[in-house]
Structure formats: structure tokens, C-alpha cells
Amino acid sequence: MTVQYQAHFVSSESIIARQLVTNGYAVVDNYLPGGQFRTLREEMVQVWQSGCFRHAGVGRGENRELQPTIRNDKVLWLEPMACSPAQRRYLATLENLRLKLNQELLLGLFNFEGHMAVYPPGARYQRHLDQFRDMGTRRVSAVLYLNENWTMNDGGALRLYLDNDKLGSYQDIYPYAGRLVTFLSDRFYHEVLPAGRERYSITGWFRQRDDMLAD
Ligand code: OGA
Ligand code: MN
């Protein structure tokens, strides 16, 4: 009897969709090709050094407040009309993911909003949910890490609480270069632990339209 082996390519979009269905979150490494990753990272370092970032807030619109004890990272929102080619390419990659998630999870994701974030050494973001109290439009959170040569000793893990009633049940996900973490925004409390180095990411949310909310 002969066994035939067939090369089988499973896209990272399929893997993410499957893990989101099974676990509610997904961790995928090397999400972007090396060249794309490097350009995105180099650009982000440049923009950060040019001083354009501002203190991240908590809440939105009129309710937005600076609460440096809750979070003290600095962010710069991605404006689709003002994005660099590398950023636009990343947004196009996420657009494919959005379509796949709509196919597989029937979430009716409508668009993506995101920002670059830098956590200076010692900065953190305390335990929170990625939804605003008065709005349920964020359905899937997606964080891409842009840190070269990161090790566990650098700290800065994303701590994802797997069970809201058990603080001891969590997964620490380190912000390694090119890693993409996605999770259902309304399901997981999480926090960003302090790091010994500057920690770079592009963080964003796939959103549902306000008028499509189930609740
Ligand atoms: C956030 C957040 C996680 C991370 O910005 O809301 O939780 O690992 N970020 O940077
Ligand atoms: Mn968050």
C-alpha cells in the first residue's frame, strides 16, 4: 500500500479562526513576512522618536480620562488616510483576517480601529476589558508585537485571565517580534505587565456596527 503525502497549507487566518472558536483567543508567531515586519518596526521607532505619541486615555470621547495609575503607555492612532505604505499593508492583511473571521465566526465585523503603542520601561496597563461601558462594538482584539530579541527576562507579558472568577488562572503571552495575539474582546480580562525595556505594539479592534449589536 502506498501512502500519499500531500503538502497541506493552512493559512494563519484559518488557524486564528479555529483557535478563536475553540479557546476564544489565538497566538500566532511570524504573522508578517520578515521584510514587512522590519519596515513596520523601523517606521514605528522613527515616529516614536519624533515625539508624536501621546498619553493613552481610558474611556472614549467626553468620558476619556488620563489615568496613569491604570495605564501609562503612549499611543498614536492609525489614521487610514494618513498611513504609510507598510501600515496600509498591515491593515490590508488584517482586512483578510476580518473577512475570514466573518466567514467562520459570523461576527459581522465591520471595520478595524487601531493604534501604535509604546510602553516605556516600567509602564503597565492594569487588568481591564477592551470594551467601553456604554458600547459593545469591539468584538475581537488584535495585538501585533514589534519587539526584536525579546526574552522572558524582559517581562512585559500580556496576562490573559482565562476565567473571570479565578484570578490564578491566566496565560502569560510574551511580546515577541512578529507575534499576533487575538482574543474575543468581551470575554477576557487582561493586563500588560511592566517590562524592563521599551515595548512596541500595534493594538486594535475589529468592530461590529452599533446597529448590529445583539444586546
Ligand atoms: C490594550 C491592551 C495588550 C498588549 O491596549 O488594550 O490590552 O499586550 N494591550 O499590549
Ligand atoms: Mn486591552
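Two strands pair if DSSP finds at least two bridges between them. Strands (E, at least two residues) are DSSP runs, numbered from the N terminus. The model is predicted: local features need pLDDT of at least 70, side-chain atom pairs count only at pLDDT 80 or more, and totals for chains, interfaces and linings use all residues. Residues are numbered from 1 along each chain as its sequence is written, and side-chain values use heavy atoms, with hydrogens and water left out.

**View 1. Strand β11 and its partners.** Strand β4 (residues 109-119) pairs with β11 in the antiparallel sense over 10 bridges. M116 has I202 of β11 as its bridge partner. Strand β6 (residues 138-145) also runs antiparallel to β11, joined by seven bridges.

View 2. R199, S201, T203, W205 and R207 point one way. Y200, I202, G204, F206 and Q208 point the other way. Buried means under 20% relative accessible area (1.4 Å probe, protein chains only). By that cut-off 10 of the 10 residues of β11 (residues 199-208) are buried, so the strand is largely enclosed by the rest of the structure.

**View 3. The shell around ligand 1.** A residue counts as near if one of its heavy atoms lies within 4 Å. Among the residues around ligand 1 are Y125, D130, V143 and L158. β11 gives the most to this shell, with three residues.

View 4. A polar contact here is a pair of N or O atoms within 3.5 Å. For H190, the distance from a side-chain N or O atom to a ligand oxygen atom is 2.9 Å.

How values were computed:
Chains lettered and ligands numbered in written order. Buried < 20%, exposed > 50% of the residue type's maximum accessible area, 1.4 Å probe, protein only. Helix = DSSP H or I, 4+ residues; strand = E, 2+ residues; numbered from the N terminus. Polar contact = N/O pair within 3.5 Å; in protein donor to acceptor, adjacent residues only side chain to side chain.
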